[in-house]
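Here is a short report for a reader who is new to this structure. Take a look at the sequence and the model, then read on.

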Amino acid sequence: MKKTLVILTMILGVSFVNAQAYSGKDDAKFQVGINFQENGTGLVLGYDYGMGENFSIGATTSYILGVEEVINADFVDRFDVKVRFNANLGSVMELPDNMDVYPGLNLGLKNFGGHLGTRYFFSDGFGLFAEASLPFAKYKTETLTPAEELHNQFVFSFGAVFNL
């Protein structure tokens with residue numbers, strides 16, 4: 001039993017050392033998770049592609065599943081797609097290779113906003129992410145209906161991230 005524990009510890013230790021959260025140009029990440037916000041929860045999918053040593057571009061899409069019945073939200077109100085720009089600061093902040101922090105901007109169907117996220121990799125291909133986002137400018141200037149507010153508010157997302 002003791003030998004098994006030592007071997008398992010060594011294998012996990014090596015996988016932590018090899019894990020890399022952002023490797024620069026041509027780095028590719030896929031994220032899948034759940035988002036939490038007022039009046040609903042939903043699914044979020046994302047893809048980021050490394051364009052340079054510390055920046056990446058990508059896209060995210062989300063769909064709000066658990067919307068309260070009092071909000072009359074159809075498919076268009078529940079769905080959003082965004083293009084995004086990230087500044088990957090893990091190496092700048094001298095974080096371990098398996099961790100990254102990325103502030104960024106996003107432009108979607110509903111608004112222009114920003115996000116702040118972090119990724120932590122347990123192995124070379126798998127990790128977790130957490131991300132907070134909020135709108136800076138909404139496309140509709142008059143008062144929004146509760147359905148229109150679904151993608152125009154603070155959102156916290158959490159889930160799995162994969163190296164591609």
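## Ground rules

This is a predicted model, in which local features need pLDDT of at least 70, side-chain atom pairs count only at pLDDT 80 or more, and totals for chains, interfaces and linings use all residues. Residues are numbered from 1 along each chain as its sequence is written, and side-chain values use heavy atoms, with hydrogens and water left out.

## The chain as a whole

The chain has two helices and eight strands. Helices (H or I, at least four residues) and strands (E, at least two) are DSSP runs, numbered from the N terminus. Along the sequence the order is α-β-β-β-α-β-β-β-β-β.

The chain has 164 residues, and 41% of them are buried. Buried means under 20% relative accessible area, exposed means over 50%, and partly exposed lies in between (1.4 Å probe, protein chains only). The accessible surface of the chain is about 9,300 Å². Carbon and sulfur atoms hold 69% of that surface. These areas come from the Shrake-Rupley method with a 1.4 Å probe; for residues, only the protein chains shown count as cover.

Now for contacts, meaning heavy atoms within 4.5 Å. Take those in the chain with a separation of 6 or more: 56% of them are between residues 24 or more positions apart.

Is S133 buried or exposed? S133 is buried, because its relative accessible area is 12%. Strand β7, residues 126–138, holds S133. Neighbours within four places in sequence are left aside here; beyond them, S133 is in contact with G114, H115, Q153, F154 and V155.

E53 sits in the loop between β2 (40–50) and β3 (55–64). E53 counts as exposed because its relative accessibility is 65%. With neighbours within four places in sequence again left aside, E53 is in contact with Y22 and G24. E53 and N88 are 35 residues apart in sequence, and their C-alpha atoms are 8.2 Å apart in space.

## Salt bridges across the strands

How many salt bridges does a search of the whole structure find? The search finds six. A salt bridge here is a side-chain nitrogen of Lys or Arg within 4 Å of a carboxyl oxygen of Asp or Glu.

One of them joins D48 and R119, with the closest N and O atoms 2.4 Å apart. This pair links distant parts of the chain: D48 is in strand β2, R119 is in strand β6 (residues 111–121), and 71 residues separate them. D48 is buried, with a relative accessible area of 5%. R119 counts as buried too, at 1% relative accessibility.

Another salt bridge joins the side chains of E131 and R84, at 3.0 Å from N to O. Distant parts of the chain are linked here as well: E131 is in strand β7, R84 is in strand β4 (residues 79–87), and the two are 47 residues apart. E131 is buried at 9% relative accessible area, and R84 is buried at 6%.

## A network and a further pair

Which residues are linked in a network of salt bridges? They are D48, R84, R119 and E131.

E142 and K140 also form a salt bridge, with the closest N and O atoms 4.0 Å apart. E142 counts as partly exposed, at 49% relative accessibility. K140 is partly exposed, with a relative accessible area of 29%.
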